[in-house]
Amino acid sequence: MKLPFAESYKTKMVESIRRSTREEREKWIQEANYNLFNLKSNQVFIDLLTDSGTGAMSDKQWSEMMLGDESYAGASSYSKMKNAISEITGFPYFLPTHQGRAAENVLFSTIIKAGDIVPGNSHFDTTKGHIEFRKASAVDCTIDEAFDTTLDHPFKGDINLEKLEGVLKSNPKEKIPLIIVTVTCNSSGGQPVSMKNMKAVSQLAKKYDIPVFFDSARFAENAYFIKIREDGYRDKSIREIVLEMFSYADGMTMSSKKDAIVNMGGFIGFRDKGLFEKATMYNILFEGYISYGGMSGRDMNALAQGLYEGTEFNYLETRIGQVAYLGQKLKDFGIPVQYPFGGHAIFVDAKRFLPQLPKEQLVAQTLAVELYLEGGVRGVEIGTLLADRDPETGENRYPELELMRLAIPRRVYSDNHMDFIAAALFNVFERKEQITKGLKIVEEAPILRHFTVKLEKV
Ligand code: F0G
């Protein structure tokens, strides 16, 4: 018999979680204004709100915390992080930031101005938020296949090169400060970008003399998919693949809360010294001195160690295998999910799950509330709420995909938890016809509204 994969780690410490009753959850979700972000963590049994900062650090990472050098300047922790970043990504210059959106803030303050255009593959919401906050616009050039959840395509994060060239051709170079490739592409379902596509984007960008940055939160998971799905990469190590990936970029922004398996942290990688120097001023203004940028020494140590662990094949195989285990269960139940399964999460196609609900009634949010009521499982809406209103017209934007994301924290839950989640969603699926009313907005913020929005039942 072929030996199956199994976790390449064992448990040394545990944290209790508590199941609640349906009555309790009914009360709590109403008090939370039907916004899952407003729930207290002890009101949640299995928390799939995000895989960001929610992973379990290893014993080696915890021991690195003790070795943190908290000197203001010249700390050894800074050097440790610098060495890990240059070894793993190949970027010679970097700036530490407290998380991914801070990296975006620093980089975009340096290069984006009002009226600019930033093409890419379905920009993440903070990325888009930081672009639109500067009165610039994000243009989505993702391949059309990504928006059909039933279609099997190995690299649904790919950029449509014709769409991209259309944008590059029809705008003056001065208006396009960068192209952003998100690896893996969170907004289209944790979908990977192929090496072939990265290379082609890089060549196109060179032709038009525009820098390419990778939004790299889940770069290692992307490399795993390249290894198992793309011709010519089977025998390459994850680290070799990662180095080749980044060779097609001029820089990267990183939320280390994902693939570096830390609870907080981020950075920007640069190839160009001049740009790094320009960005330094903003880093000092917004984040802190360049040798810590919003992170303590111990955080930088844990991050450096996490980068090595996060790029190990055995770890990635279990991690992505667990996500696929959940996905396959749901698929076998006939529940519509984005296929192939994403790297960090399963994305349930809410429009196909609840076709009877009109889009104005926030279909994916309604589904996420139902799943919480059923089993105390907290997912997150990746749909109309997240898409915000059009900053020009003030109208709601209805994205092509209306998804409920079940993001799996790294090294945290067991496969029994996956079985529980699948059973809870199955029960909602069984009674889906009875869900005839959705939700409506009572109060909302002008930008990134999904965090604080207040909702009520229609
Ligand atoms: N880019 C991507 C692709 C992300 O998924 C995120 C965060 C960020 C940038 C911003 O990083 O949170 O460290 O400031 N994604 C989290 C999520 C919040 O739940 O998917 P951050």
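Biologist: Where is P340 found?

Modeller: P340 sits in the loop between α12 and β9. Keep in mind that this is a predicted model. The peptide bond leading from Y339 into P340 is cis, with omega near -5 degrees.

Biologist: Which residue does V183 join through a cis peptide bond?

Modeller: V183 is joined to T184 that way, and omega is about -20 degrees. T184 belongs to the loop between β5 (179-182) and α7 (195-207).

Biologist: And backbone phi? What do I look for?

Modeller: Most residues other than glycine have a negative phi. D209 has a positive one, near 60 degrees, and D209 is not a glycine. The loop between α7 and β6 (212-215) holds D209. L448 also has a positive phi, about 50 degrees, without being a glycine. L448 lies in the loop between β13 (439-443) and β14 (454-457).

Biologist: Now the domains. Which residues make up domain 1 and domain 2?

Modeller: Read the ranges with care. Domain 1 takes two stretches, 22-51 and 313-457. Domain 2 runs over 59-310. Taken over C-alpha atoms, the domain centres are 26 Å apart. The contact draws 32 residues from domain 1 and 37 residues from domain 2.

Biologist: How many Å² do domain 1 and domain 2 bury between them?

Modeller: About 2800 Å². Then ask which atoms carry that area. Carbon and sulfur atoms account for 57% of it.

Biologist: What about charges? How many salt bridges are there between domain 1 and domain 2?

Modeller: The count is six. To read a salt bridge, check the distance from a Lys or Arg side-chain nitrogen to an Asp or Glu carboxyl oxygen; the cut-off is 4 Å. Take R319 and E221: their side chains meet in a salt bridge at 2.6 Å, N to O. Polar contacts are a separate count. Across the interface of domain 1 and domain 2 there are 19 residue pairs in polar contact, with both residues at pLDDT 80 or more.

Biologist: Which element gives the most to the side of domain 1 that touches domain 2?

Modeller: Helix α12 does, with six residues. The elements that each supply at least two residues to that side are α12 (313-332), β9 (345-349) and β12 (403-407). By residue class, this side of domain 1 has 17 nonpolar, five polar and ten charged residues.

Biologist: How many salt bridges does the count come to in the structure?

Modeller: The count comes to 32. One of them links D59 and K12, whose side chains meet at 3.4 Å, N to O. Next, ask where the partners sit in the chain. D59 is in helix α2 (residues 59-66), and K12 is in the segment before α1 (22-31). The two are 47 residues apart, so read this with the definition of helices as DSSP runs: the pair links distant parts of the chain.

Biologist: Last feature. How many aromatic pairs does the structure hold?

Modeller: It holds 18. Reading one takes two values: the distance between ring centres and the angle between ring planes. Planes over 60 degrees apart count as edge-to-face. F94 and F267 are 6.3 Å apart, centre to centre, with 80 degrees between the planes. That pair is therefore edge-to-face. F94 lies in strand β2 (residues 93-97) and F267 in strand β8 (residues 266-270). They are 173 residues apart, and the pair links distant parts of the chain.

Notes: Residues numbered from 1 in each chain as written. Predicted model: local features only at pLDDT ≥ 70, side-chain atom pairs only at ≥ 80, totals over all residues. Heavy atoms only, no water. Domains from an automatic or database assignment. Contact = heavy atoms within 4.5 Å. Buried area = accessible area lost by both parts, 1.4 Å probe. Polar contact = N/O pair within 3.5 Å; in protein donor to acceptor, adjacent residues only side chain to side chain. Helix = DSSP H or I, 4+ residues; strand = E, 2+ residues; numbered from the N terminus. Nonpolar A, V, L, I, M, F, W, Y, C, P; charged D, E, K, R; others polar. Phe/Tyr/Trp six-rings, centres within 6.5 Å; stacked < 30°, edge-to-face > 60°.
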